[in-house]
Amino acid sequence: MSNLVERVLIIGLGLIGGSLAKALREQGCCGTVVGYDRDRDEMLAGLQLGVIDQVAENLAAEVEQANLIVLAVPVKATEEVLSQIKPYLSIETVLTDVGSTKGNVVEAARRVFGEIPDTFVPGHPIAGSEKSGVAAANSQLFNGYKVIITPLPESSASATRIVEQMWLQTGAIVLDMGVARHDEVLAATSHLPHILAFSLVDTLAKEEEKLDIFRYAAGGFRDFTRIAASDPTMWRDVCLANKEPLLKQLDSFTQGLAQLREAIEQGDSEMMLGTFTRAKAAREHFSRILSGTAYLDNMNTSNVVFRAQPGGSVTGTIRVPGDKSISHRSIMLGSLAEGVTEVTGFLEGEDALATLQAFRDMGVVIEGPHQGEVRIHGVGLHGLQAPPGPLYVGNSGTTIRLLSGLLAAQSFDTELSGDESLSKRPMERVAKPLRLMGAEIETGEGGRPPLKIKGGQSLQGIHYDMPMASAQVKSCLMLAGLYAEGTTSVTEPAPTRDHTERMLTGFGYSVGVDESTVSVQSGGKLTATNIDVPADISSATFFLVAAAITPDSDLTLEHVGINPTRVGVLNILRLMGADLELLNEREVGGEPVADIRIRYAPLKGIRVPEDQVPLAIDEFPALFVAACCAEGETVITGAEELRVKESDRIQVMVDGLKAVGADIEGTPDGAIIRGGQLTGGEVFAHGDHRIAMSFSIAALRSSGEIKINDCANVATSFPTFVDLANEVGLTIHKGEA
Ligand code: S3P
């Protein structure tokens, strides 16, 4: 590789300067690495330790010769060093620094140069350790860490590129930011915590029993105060240099601490729990919140790949995780209720967690989830608070659509956004009727997310004839109807899931149901209750189909929700000849449940009755697989809604099934599938959880492996899918491409 520059001069061989020199030297990307330090011993040590190629005996001459100069001196010394090197600086030499504050570095440069040279590109590596001096130089110090560069309006593109490339060579992740923003962000994320650590240790060290305190101080004290061992001079300088942003952060922290003090004094456990649960969630998920992704470990943007092995049979007794639709609604209605709602069996998947986080962001204290248990401290219908920023709901259509109805009626403005898949899904279906109620909602391009909802509107009840069979639209309008003047009613063209109606009733809110029309009136209240979430029939479906298509299978799925608006899959599988038995039918918290036993029986192709489509809408990807394993032809019609789910489920299933050897044809509103032998192959889930899981079970009847790409979103509804599948007899390896 050709050198980035021929000669780099690093001024200041402390931990950062030394580590950068060492990294650049190891990479061999900067010709000669010259080091200067006003402490001659440090400089010589740098040479001896192999940190630099040469020492700068004559600083002026080295400045003249260098193509790239890095100032790695304390921020306070920046002005003096810049004045010192200015007379020798060529107009071509790129200049950067590593100071942890940027505003004052830029001011210093302005004072020295008058007009800032276009070769100056300030920077700041967010890496370090409490160690200092050239002896601590570590070439890996920046590897995988972030470096912020703050190019100025004056900075040239070529100088910016060189500074960026230099940092990339060290393995750093380079980010670009404005100077003022940098200083605000750093005040919050670095400077404030350092001040707190110094202050805490200093305070405790003044106590008379300090020896005891330090002797018995275990994890907490040590973790919190590690950074109090950092260089005092440097931190004094940082405080001087970043005074205003730091004071702002200190004030808001002091205010938070005072509130917590008050809560402790008053024994206000709600306030304490609120602070601690919000902080815990934020701490656990902050990297994902930062990157605007998600809430679970296995959810990320990388390509999670499932390799489903051919063959096997499915046996045993399992309970799949909690129902997604009911989990969402338990958080929503629990938050709007008066009193504490306890939920068990809550689905700890990305989608439901997105709902949970949204309500935490709106000030609701929610404990858990811990092994499916959640305690929601309801704030009442009028107790939500403005969230601190846009609500990010990940992949979850239910969250965005139901929340839009609720938020349209709040006093504050909100914005709802989601991931790539959600950002392609239609939102006018909720925005349009909400506008008829008087809501002010802006959708993004093409009627898609983000949604911008204006608060403070007074809504009017309407009657709405829903053009499509959608429980999300119906529920959205019912939630808005809790606040709208008069009655809000919705007529559906075909029955859709009625969990909102049932749960509102469970919370003591009156809901009118008259054939295909539901109605609510405002003015009531929700009273906290306990909710036992049944296992999700949509998740159970993958195992129902798995057992139905695989000889020698005999599987029992426990405690599955069999709400009549959700059992399309059972009806369709029965029509196809599946051997299904419902055992131990009972009702929990207003929802019917049963254990479902399914044994292998040869399936036959059918024409799927259209009235079953809305009752099995999420189950079609798996039913497509069942049809491939049935004898004869299966015809699906009236299912155009499948095209606007987490992916275009008709197209994606047709493409994938063809790739694994199936005989299938897509139609605008369904598909025609002829059963036969599957061969295996490579397919793409397009970030759609149900597609990923459907192809996993298809392998049971294929002659070769099925490799499924883009499976990370299985975490949205069924984080434990692979483990459970392997437990009952499938063989799925999970990895990353
Ligand atoms: C859901 C309703 C359905 C379903 C989705 C969950 C709900 O969507 O596909 O997975 O919880 O209300 P539509 O309302 O768009 O049909």
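**Sheet, helix packing and local backbone features**

An open sheet is formed by 3 strands in the order β6-β7-β8, with mixed pairing; strands count as paired if DSSP finds at least two bridges between them. Its edge strands, each pairing on one side only, are β6 (123-126) and β8 (173-176). On average, neighbouring strands of this sheet are turned by 25 degrees against each other, direction ignored. Strand β7 (residues 146-149) pairs with β8 in the parallel sense over 4 bridges, and Val147 has Val174 in β8 as its bridge partner. Helix α6 (residues 157-169) packs on the sheet and touches β6, β7 and β8, its direction making about 170 degrees with that of β7. Contact here means heavy atoms within 4.5 Å.

The model is predicted: local features need pLDDT of at least 70, side-chain atom pairs count only at pLDDT 80 or more, and totals for chains, interfaces and linings use all residues. Residues are numbered from 1 along each chain as its sequence is written, and side-chain values use heavy atoms, with hydrogens and water left out. Helices (H or I, at least four residues) and strands (E, at least two) are DSSP runs numbered from the N terminus.

Two packed helices are described by the angle between their axes and the distance between the axes. Axes are lines fitted to C-alpha atoms, for helices over the stretch in contact, and angles run from 0 to 180 degrees between N-to-C directions. Angles under 35 degrees count as roughly parallel, over 145 as roughly antiparallel, 65 to 115 as roughly perpendicular and the rest as oblique.

Helices α13 (residues 324-336) and α15 (residues 397-407) pack at an angle of about 25 degrees, with their axes 11 Å apart; α13 is therefore roughly parallel to α15. Their contact involves His328, Arg329, Met332 and Leu336 of α13, together with Thr398, Thr399, Leu402 and Leu406 of α15. By class, this contact of α13 with α15 comprises 4 nonpolar, 3 polar and 1 charged residues. Ala, Val, Leu, Ile, Met, Phe, Trp, Tyr, Cys and Pro count as nonpolar, Asp, Glu, Lys and Arg as charged, and the others, Gly among them, as polar.

Helices α7 (residues 179-206) and α10 (residues 232-241) also have axes 11 Å apart, at an angle of about 130 degrees, and are therefore oblique to each other. Ser190, His191, His194, Ile195 and Phe198 of α7 meet Trp235, Val238 and Cys239 of α10. The contact of α7 with α10 has 5 nonpolar, 3 polar and no charged residues.

The axes of α19 and helix α21 (residues 620-628) come within 9 Å and cross at roughly 5 degrees, so α19 and α21 are roughly parallel to each other. Thr541, Phe542, Val545 and Ile549 of α19 make this contact with Ala622, Val625 and Ala626 of α21. Phe542 also belongs to an edge-to-face pair with Phe721, the ring centres being 6.2 Å apart and the planes at 70 degrees. Rings of Phe, Tyr and Trp (its six-membered ring) pair if their centres lie within 6.5 Å; planes under 30 degrees apart count as stacked, over 60 as edge-to-face and the rest as tilted. The pair links helix α19 (residues 537-549) to helix α24 (residues 721-728), its members being 179 residues apart.

Most residues other than glycine have a negative phi, and most peptide bonds are trans. The bond from Gly368 to Pro369 is cis, with omega near 5 degrees, and Pro369 lies in strand β12 (residues 365-370). His559, in strand β23 (residues 554-561), has a positive phi of about 55 degrees although it is not a glycine.
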